[in-house]
Amino acid sequence: MRLPSSIFVSVSLFTAETTAALYLSSTYRSAGDQIWQGLTLLFTLVPSVLVQLTLTFIHRDLSRDRPLILLLHILQLGPIVRCLEAFCIYGSVGSGEEPYVSITRKKQMPRGGQSEEVERQVGQAEGKLFTHRAAFARTSVIQAFLGSAPQLTLQLYICVLQQGVSIGRGTLMVISLLSIVYGALRCNILAIKIKYDDYEVDVRPMAYLCIFLWRSFEIATRVVVLVLFSSVLQLWILPVVLLNFLIFFLYPWILFWQSHSPFPENIEKTLTRVGTTIVLCLLTFLYAGINMFCWSAVQVKLSDPDLINKSQNWYRMAVYYMLRFVENASLLLLWYIYKTDFYKFICAPLLVLQLLVAYAIGIFFMLVFYQFCHPCRRLFSASMTQGLWNCSSLLCLMCTSSSPQRRPMVKSVLAPQSPGMHKERANDGEHDTASDTTEDLPNDTTYDMLNDTVCDTTNEMASNIGGGINGDISQSVSCNAKSITNV
């Protein structure tokens, strides 16, 4: 049985950040900065309350007779008590025979095209530790993006306004950044374990390192861009933040409305419809908070019984990072145009270039992780580079088809090939998946829709080509477009 080290790290970051924030708020009070004191306490107490509610909800303490535990949660000491309880359970393992043992079946990673199913016994103590780990993995994400991320943004903004970094503020900023990166890392691992629940997932140290570097560059760059923009255009930062937040908050609800699925009723039996709605709103609220600063590895899908989208959508990820890169570049451009004399001692073009390069480095480590270090990359029906290549090919075809003067270029790109390339697959929807369900297929529906769209466009182009081209070449152009999009 593994040592519950992840629980210790989560509680340590939670305790250190809360202590540093309380100390910093006391210094703001001594200096007479009531606004900064109130915001610092707000970004400390609100996520702390949400963490206590999450731990109580997961452990079902409301339906159990544990008044002391509930009192400690009210006093905001729940994570410390849960950590001590987890280590007590770990220390008691092996002291006596387990009264209850369950059997779990997990598949191993396929080797040579075959995957073996392995049975193992899980004792009661190990089951309790699993519940503790799952609870703290979720609370780490809540603490990171609903508390640490706004806290880091606020303190960095105060540093820019006051043109200095105190010891207390610098300590809180470092702890907050570590908490955000750790929360994003836990979100990635949680997404992998949810999507591939039927498999034994073994995350290598190199995968942890790639995720840590990916999230560090991505989140740090995003926070600096938002702070720089807000330092010169204070009023315009509110529309930018609200627009980002509303888009990601409403996006899961729009997909749920389009799917015409019934309202989820299996979240918790004791919850009413109003309680279920509140829980779903809090879930989408957290989802929007994550996407405000970085890509959320856990994609919310309200029409799914598990509320999680188990398919790997490369197109959605590619569109997110392209739009986010454009947004960051636009905000930096506006900051460069409207910057004040405060930044006259800073080389502004070099700072802009450094931030854009840092964001690109974060994307590079993301590509390395999914291409080489992902623990379940053998289960991908399409690699990430293939998905991104298909996305770029589609964009190129759509751009060339929209300009009539570039028809000869399209003709050269879609040159006739061998007749074997024109054969369609018999079963386009059958792939090897992670959990033997169609939910794990990465973008099969998207591929079909894109294929039909591109083929219709190229057929119309081929029919308009001059009389010197016969019908066979026109048919070859349309068929080759479909073969290119299926690559």
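These legends describe close-up views of a predicted model.

**View 1. The buried residues of helix 3.** Helix 3 covers residues 67–74. Its buried residues are Ile-69, Leu-72 and His-73. Around the axis they cover an arc of only 100 degrees, so they lie on the same side of helix 3. These buried residues pack against two other helices: helix 2 (34–58) and helix 4 (78–91).

**View 2. The other side of helix 3, and the residue that follows.** Here Pro-67, Leu-68 and Ile-74 are exposed. Ile-69, by contrast, is among the buried residues of the helix. Just after helix 3 comes Gln-76 with a positive phi. Its value is about 65 degrees.

**View 3. Helix 5 crossing helix 9.** Helix 5 takes in residues 124–162, and helix 9 takes in residues 273–293. The two pack at an angle of about 45 degrees. Angles under 35 degrees would count as roughly parallel, and 65 to 115 as roughly perpendicular. Helix 5 and helix 9 are therefore oblique to each other. Their axes are 9 Å apart. The crossing is left-handed.

**View 4. Side by side: the residues where helix 5 meets helix 9.** Helix 5 brings Val-141, Ile-142, Phe-145, Leu-146, Ala-149, Pro-150 and Thr-153 to the contact. From helix 9 come Phe-285, Leu-286, Gly-289, Ile-290 and Phe-293. By class, this contact has 10 nonpolar and two polar residues. No charged residues take part.

Terms used: Residues numbered from 1 in each chain as written. Predicted model: local features only at pLDDT ≥ 70, side-chain atom pairs only at ≥ 80, totals over all residues. Heavy atoms only, no water. Buried < 20%, exposed > 50% of the residue type's maximum accessible area, 1.4 Å probe, protein only. Helix = DSSP H or I, 4+ residues; strand = E, 2+ residues; numbered from the N terminus. Arc of directions from axis to C-beta. Contact = heavy atoms within 4.5 Å. Axes fitted to C-alpha atoms, helices over the stretch in contact; angles between N-to-C directions. Parallel < 35°, antiparallel > 145°, perpendicular 65-115°, else oblique. Left-handed = near helix turned anticlockwise from the far one by under 90°. Nonpolar A, V, L, I, M, F, W, Y, C, P; charged D, E, K, R; others polar.
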